[in-house]
Amino acid sequence: MAFQRRRQHHNHQHRLRVVVPIISSVFSALLILFALLSFLAPSPSDTDHLHHPRRFTSTDNVDGPTGVPVFRVQRDGGKLDRDIWSSRNAQFYHGCSIASSKFAKAGDVTHSNRYLAIVTSGGLNQQRTGIIDAVVAARILNATLVIPKLDQKSFWKDASDFSEIFDVDRFISVLSKDVKIIKQIPRKGGKSLTPYHMRVPRKCNEKCYQNRVLPVLLKRHAVQLSKFDYRLANKLDTDLQKLRCRVNYHALSFTDSIQKMGEKLVHQMRMKGKHYIALHLRFEPDMLAFSGCYYGGGDKERKELGAIRKRWKTLHISNPDKERRHGKCPLTPLEVGLMLRALGYGSDVHIYVASGEVYGGEETLAPLKALFPNFYSKETIASKELEPFSSFSSRMAALDFIVCDESDIFVTNNNGNMAKILAGRRYTCFILS
């Protein structure tokens, strides 16, 4: 046995003496090749930097603030071997919102002495997610849902109630088999039933609602959940996820006045050209401040956005430049324009821009407008007709939603609530006819 072990050890050493020189030779060859490539490669210059894209050749000038051309781009965009107005994969998407046979009807599971009320939070699309989740929460609790109250006190300060934005009767009717919904809490014994106010944690799952809210609901019979945004977990039972889709893409419909005005805006865009791109441009000062990003505006930008950031006491941004380098920041209008050109869209394309106050104003928008001169917004194509809506931020946002939803191409510079809702509506949860 000792002789056999010595023989194995000798063979192992012999293999090492053969393999090690081979590995060394391979690494040496790779090092020589790398050194040769480094020597032959051209040295980097300022024109290779992301912020100086002068390598575009062409006929369109994009002027800087002083009127001096910053760079030149092709008028017609990139050349592609496909139709840039259609999707090759559209045929593979299908509806996913029909309930399974196991999902019980609302009449069989709703308890007559349980009422759930909610108060939403944020802008229109954030409130929309709260409404969707409220329906599912009511289903989890086997409760009757009271028509949600909309946020009227936050940054947007829109005094609209649910019925002034959404079709209440459709909302109740479409969801009648899933959740019982009423317009207000009923009176009991001649007295109003006062709901108990409470708040649930963010991303609260089914067990969370059953453990935290249900005991209070059984005792008080009526509960109101405030600051109701993102208060339901993303991972739920499949039928509850399908219910989310039914609420969002079938039950929630805008009022006739909003819908008709939205259709007029769509018609105006269709009259201008066969196709149009809708761009949801999130570049407002407060949004940029919250993102913690820096866009090269020097001390002025740092001071202005820094002052806004103080609104959020828990927001700590140590390195704004790092976030942008890692691609975690909203694209600038210029970057969106360059992206669209790279995808193949030329300067003749019509663009509808849905946005709030753009940080930097016209100076920030100028490069995008130079790339795409056919640049429109609801204010530029229907100024007088917007007067009944202009004092209400949520109704104005609803008009943008309609025009973006009907567009041939939808683009966003930030993956927020509206972008996610529209992506779902256009591709995944909409039942195809």
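## Terms and model

Helices and strands are here DSSP runs, helices (H or I) having at least four residues and strands (E) at least two, and they are numbered from the N terminus. The structure is a predicted model.

## The sheet and its edges

An open sheet is formed by 5 strands, arranged in the order β5-β4-β3-β9-β8, with parallel pairing. Its edge strands are β5, at residues 181-182, and β8, at residues 196-198, each of which pairs on one side only. Strands of a sheet pair through backbone hydrogen bonds, in either a parallel or an antiparallel manner.

Strand β4 covers residues 144-146 and runs parallel to β5, to which 2 bridges join it. V146 has I182 of β5 as its bridge partner.

From β3 the chain crosses through α3 to β4, a β-α-β crossover that is right-handed.

The pairing of β3 with β9 is also parallel and extends over 5 bridges. There, T120 has F228 of β9 as its bridge partner.

## Two loop residues with positive phi

K203 lies in the loop between β8 and α5, the latter at residues 206-212. Its phi is near 55 degrees, a positive value in a residue other than glycine. K203 counts as exposed because its relative accessibility is 57%, and the cut-off for that class is over 50%.

H221 is found in the loop between α6 (214-220) and β9. Although H221 is not a glycine, it has a positive phi of about 75 degrees. Is H221 buried, partly exposed or exposed? With a relative accessible area of 30%, H221 is partly exposed.

## The packing of α8 and α15

Helix α8 comprises residues 256-272 and helix α15 residues 393-405; they pack at an angle of about 50 degrees, and their axes are 9 Å apart. This angle makes α8 oblique to α15. The crossing of α8 and α15 is right-handed.

Which residues make the contact between α8 and α15? From α8 come I258, Q259, M261, G262, E263, L265 and V266. From α15 come R395, A398, L399, I402 and V403.

I308 belongs to helix α10, which spans residues 298-309. Is I308 buried or exposed? Its relative accessibility is 17%, so I308 counts as buried; the class requires a value under 20%.

Leaving aside neighbours within four places in sequence, I308 is in contact with P285, D286 and A289. I308 and P285 are 23 residues apart in sequence, and their C-alpha atoms are 7.9 Å apart in space.

Methods. Residues are numbered from 1 along each chain as its sequence is written. This is a predicted model: local features need pLDDT of at least 70, side-chain atom pairs count only at pLDDT 80 or more; totals for chains, interfaces and linings use all residues. Side-chain values use heavy atoms; hydrogens and water are left out. Two strands pair if DSSP finds at least two bridges between them. A crossover is right-handed if, with the strands pointing away from the viewer, the path from the first strand over the helix to the second runs clockwise. Buried means under 20% relative accessible area, exposed over 50%, partly exposed in between (1.4 Å probe, protein chains only). Axes are lines fitted to C-alpha atoms, for helices over the stretch in contact, and angles run from 0 to 180 degrees between N-to-C directions. Angles under 35 degrees count as roughly parallel, over 145 as roughly antiparallel, 65 to 115 as roughly perpendicular and the rest as oblique. A crossing is left-handed if the near helix is turned anticlockwise from the far one by less than a right angle, and right-handed if clockwise. Contact means heavy atoms within 4.5 Å.
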